[in-house]
Amino acid sequence: MVVIEALDKSYGSSDSALLALSDIDLTIEEGQFVSLLGPSGCGKSTLLKIIAGLIPASAGRITIDGKVVDGPGPERAVVFQDYALFPWMTVQDNVEFGLEARAVPAEERRAASAELLRVVGLSDFAQKFPHQLSGGMKQRVSIARALAVKPSLLLMDEPFGALDAQTRQGLQDELLRIWRVYKKTVVFVTHSIEEAIYLSDRIVVMTARPGRIKAVIDVDEERPRDPTSAGMSALHREVRAVLSEEITRAAALEHDMMVAR
Ligand SMILES: Nc1ncnc2c1ncn2[C@@H]1O[C@H](COP(=O)(O)OP(=O)(O)OP(=O)(O)O)[C@@H](O)[C@H]1O
């Protein structure tokens with residue numbers, strides 16, 4: 001469904017350009033849950049934003065169902081770590097925002113937001129404002145808002161990164177439930193090996209900058225997954241072995257950049 005071919009991304013002008021991504025080739029099948037995992041600064045968010053059509057690639061291309069991505073599209077929705085909710089709007093209005101922008105009639109919008117707020121367990125909070133909610137609740141609103149426009153591809157940029165461990169676990173399970181019910185394709189950026197192996201069908205491990213694909217690891221463990229099982233522990237070791245070399249390289253790169261400043 002999503003085909004990424006020979007993709008490069010540089011930031012800045014040619015004399016001082018920073019190569020963030022290099023030669024990315026990746027195919028993501030419809031309905032798959034794919035995580036992008038890699039050291040800080042390896043270009044995970046950059047790749048997600050290019051898939052979302054929020055920023056252009058410098059070379060190569062992405063097609064979704066055969067159509068070249070050249071900007072944002074209705075079949076893609078993004079969930080960010082910082083929720084990106086409108087603080088002056090109620091929960092319900094936040095969820096309905098994308099529908100209103102598409103001129104969906106009020107009655108239809110109400111029905112859609114009521115259904116989605118039920119799915120994410122926030123029916124009683126429809127008239128609250130974002131500042132009245134916990135971090136986990138805000139992220140549920142963001143997910144409901146993303147789902148409202150019925151995207152086939154859900155792009156998630158460290159959505160649970162700012163949450164405490166217990167809330168994060170709860171939202172991971174909720175996301176898996178939603179993924180099963182709505183049958184979306186998910187691309188999920190994370191720093192966490194545990195999160196990647198708990199959630200994903202496939203884990204794409206990226207190298208330190210410039211981000212390349214270092215390994216693609218299939219996770220065949222049955223769901224619901226038990227993070228303490230022998231299979232999951234072996235997987236954790238496998239992913240960590242691939243990743244740790246890149247984390248060391250990324251730290252060395254960062255050190256060199258600080259020295260050069
Ligand atoms: N708008 C920009 N202009 C210039 N450089 C940028 C810009 N956005 C990102 N970068 C650089 O590109 C590289 C990749 O950044 P990106 O945020 O995609 O990495 P990441 O893997 O998501 O990092 P993290 O895990 O820390 O969020 C980094 O070196 C970053 O500093």
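**Reading a core, a helix and a sheet**

Analyst: Two residues are in contact if their C-beta atoms, placed from the backbone, lie within 7 Å. The model is predicted, so local features need pLDDT of at least 70 and side-chain atom pairs count only at pLDDT 80 or more, while totals for chains, interfaces and linings use all residues. Residues are numbered from 1 along each chain as its sequence is written.

User: To which nonpolar core does Ile 51 belong, and how many residues has it?

Analyst: In soluble globular proteins, nonpolar side chains tend to be buried together. A nonpolar core is a set of buried Ala, Val, Leu, Ile, Met, Phe, Trp, Tyr and Cys residues joined through C-beta atoms within 7 Å. A residue is buried if 20 or more other C-beta atoms lie within 10 Å of its own, exposed if 12 or fewer, and partly exposed in between. Here the largest nonpolar core has 67 residues, and Ile 51, Ala 144, Leu 155 and Val 187 have the most contacts inside it. Helix H4 (residues 135-148) supplies the largest share of this core, seven residues.

User: How is helix H4 to be read, and is it largely enclosed or open?

Analyst: Helices (H or I, at least four residues) and strands (E, at least two) are DSSP runs, numbered from the N terminus. The expected span of a helix is 1.5 Å times one less than its number of residues. H4 has 14 residues and reaches 20 Å from its first C-alpha to its last, close to the 20 Å expected. Twelve of its 14 residues are buried, so H4 is largely enclosed by the rest of the structure. Among the buried residues are Met 137, Arg 140 and Ala 144. Their cover includes strand S6, helices H2 (91-101), H3 (106-119) and H5 (165-182), and strand S7. Just after H4, Lys 150 takes a positive phi of about 50°.

User: Which residues of H2 are buried, and what covers them?

Analyst: In H2, the buried residues are Val 91, Gln 92, Asn 94, Val 95, Glu 96, Gly 98 and Leu 99. H3 and H4 are included in what covers them. After H2 comes Ala 103, whose phi is positive, near 60°.

User: In what order do the six strands of the open sheet stand?

Analyst: Two strands pair if DSSP finds at least two bridges between them. The order is S6-S7-S8-S3-S9-S10, with mixed pairing. Strands S6 (76-79) and S10 (213-218) are at the edges, each with a single partner strand, so one side of each is left without a neighbour in the sheet. S6 and S7 (residues 153-157) pair in the parallel sense over four bridges, and Ala 77 stands opposite Leu 154 in S7.

User: How does strand S9 pair with S3 and with S10?

Analyst: Four bridges join S3 (residues 33-37) to S9, and these two run parallel; the bridge partner of Ser 35 in S9 is Ile 203. S9 and S10, by contrast, pair in the antiparallel sense over five bridges, with Val 204 opposite Val 216 in S10. A hairpin of six residues joins S9 to S10. Strand S9 (residues 202-206) is mostly covered, as four of its five residues are buried.
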